[in-house]
Amino acid sequence: MSDHRMAPPVDPAYERRGAPTQQGSRMARRQAAAAPPPPPADRPPRSHRGGGGKGGGQNKMRVLAWVSIGLTTVMVAGALTGYTVYRDAFGNIKQKSVKDDIINPRPPDTGALNVLLVGSDTRAGKGNAQYGQQLARTADAGGKRTDTIILLHISPGRDQARLISFPRDSMVNIPKCRNETTKQEMPPRRDMINSAYNSGGIACTMSTIETLTGIRVNHFVEVDFSGFKNIVDALGGIEICLKSGVNDKNSKLVLPPGKSLLNGEKALGYVRLRHYGDGSDIQRIRRQQIFLSKVVAKATSSALLTDVGKLREFIAAAAGSVTMDPELANDTEQLIEIAMSARELTASGVKFTTIPWIPDPADKNRVVWEEPAATELFTAIKTDTEPAETAAPSPSASAGADTKPKVTVKPEQVKVEVLNGTKTVGKAREVADQLAKQGFNVVSVGNYEAAGGASLATSEIHYAKTGATAPAQADTLSGSVLPKPTPAAGKVRATNPQPYVSATATTPTKGAPVVQFLVGEDFKSVKVTKLPDSVENNSITASQQKNVCT
């Protein structure tokens, strides 16, 4: 994946979320969608540079994008109070199909919902000309840029969410793309990540994110400057609190110390505010995250959800301010399913993450993504393929065992021997390192010779026939690798086994049997559930975002 880690410059708002969700029990809830819903129940990342910068234009709306996400959730939630009331408003959503313009291979769909959110500073359209960047434009004020690129990830169980910011000045490898205007193919290049949007539009941005991360982008949402203002105004404004006052000419914002209620125009100035505090991009992103948490809180409040008039106004403002793919915009049932899932996510359950980054050695004004932390973050998203808990009985349990409660075994309690069944030299140690990082107690590595000396096609897990806890330990290991092997009783003979020592070694589990993992050609990855400190230190939840005046 690449390298990077800085506060993403923000842009106009981005918003909304949607994508396929689970069916089953939720099918019944769809039918009840017409009924009004009940009221819904740190350390800062490192800064690689300070304030200053190239003026308000480039950095206008980082937070706008954050805001739009929360607003989208509420907009969709409006469907729960009776879709027919808002049918016309939803019909105002602008649509753009980009499937045919994505010309690179696409990652597989894991069942999670990944929505790319971008804030567009296009000057085309009513109300946008005064906010667009002062660049050479066509006569009709066309052209656009984005400083906001955020991936909204919702788990397959729709019970957890993470917002991942991609700093605009990340130097990355942009794949071949079609020019959005001419449709001519552009060759791959090394450039800032936001340049993908400038020349290739949303299709090139989606393809760039997919190529760099290996994560499938299911849908996209674009929000413009004027749209952000309308959304904030429809919410009745957002209250903020400042330790010191603001008098900034660039953003045309004047605010006193203490509390202020920001309308759409002032909110636009606040989220683009650069010369305040230490002037760093990182501090601005922190302010933006606090702002978004307040938007989410207000957008999901019973005061809005139970006021049909205000909710209709909010949905109309949001719908008229976004552009999205037709697959999302036209799937009413999907939007309602997402709304129901969204109601289960509280503001504290959403994590805000900036990709770990370091200064670009070739240019201190640019950043590259920090490895291996960035790749581990992407792997965590890609391997988030099923709910964490399952009530199903252990597949490796003996007959009759399914009548007993399932034994939960933590990775630290599992001793593992990793055996390379492929012809790739060093594969056992590579996989052992991945397992150790996720807490498994890897004790040895070695090789496995399949019948006839052939490479092992599929990975296998073996455990000793004796030992009451061995099946449960094997199940824990099985659930942590992709593809998921079915454990089998009876161990195999290892070739040239060697002790394994890791910097992340855990305390050995006394008396625990050793489970064997035979790495096959089909092995994809170890699931990442423990992220490195450089990622977690760049992640906060809404509940951690304290009011700066308290």
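1. Salt-bridge network. K96, E180 and E222 are joined in a network of salt bridges (a salt bridge is a side-chain nitrogen of Lys or Arg within 4 Å of a carboxyl oxygen of Asp or Glu). By this rule the count comes to 11 salt bridges. The model is predicted: local features need pLDDT of at least 70, side-chain atom pairs count only at pLDDT 80 or more, and totals for chains, interfaces and linings use all residues. Residues are numbered from 1 along each chain as its sequence is written, and side-chain values use heavy atoms, leaving out hydrogens and water.

2. T323. This residue sits in strand β14 (residues 322-324); strands (E, at least two residues) and helices (H or I, at least four) are DSSP runs, numbered from the N terminus. T323 is buried, at 14% relative accessible area (buried is under 20%, exposed over 50%, partly exposed in between; 1.4 Å probe, protein chains only). T323 touches K94, Q95, K96, F220, V221 and E222, leaving aside residues up to four places away in sequence (contact means heavy atoms within 4.5 Å). Two of these names, K96 and E222, also belong to the network of point 1.

3. D101 and K183. These two form a salt bridge, with the closest N and O atoms 2.9 Å apart. The pair links distant parts of the chain, 82 residues apart: D101 is in the loop between β1 (94-95) and β2 (113-120), K183 in the loop between β6 (177-178) and β7 (185-186). D101 is buried at 18%. K183 is partly exposed at 41%.

4. R106 and E210. Their side chains meet in a salt bridge (2.7 Å, N to O). R106 lies in the loop between β1 and β2 and E210 in helix α4, 104 residues apart. R106 is partly exposed, at 30% relative accessible area. E210 is buried, at 3%.

5. Helix α4. Please inspect its geometry. Helix α4 (residues 195-213) spans only 17 Å between its end C-alpha atoms, whereas a straight helix of 19 residues would span 27 Å at 1.5 Å a residue (expected span is 1.5 Å times one less than the number of residues). α4 bends by about 135° at G201; the bend is the angle between axes fitted to the seven residues ending there and the seven starting there. Of the 19 residues of α4, 16 are buried, so the helix is largely enclosed by the rest of the structure. Just after α4, G214 has a positive phi of about 75°.

6. E430 and K427. Their side chains form a salt bridge (3.3 Å, N to O). Both lie in helix α13 (residues 427-437), three residues apart, about one turn of the helix.
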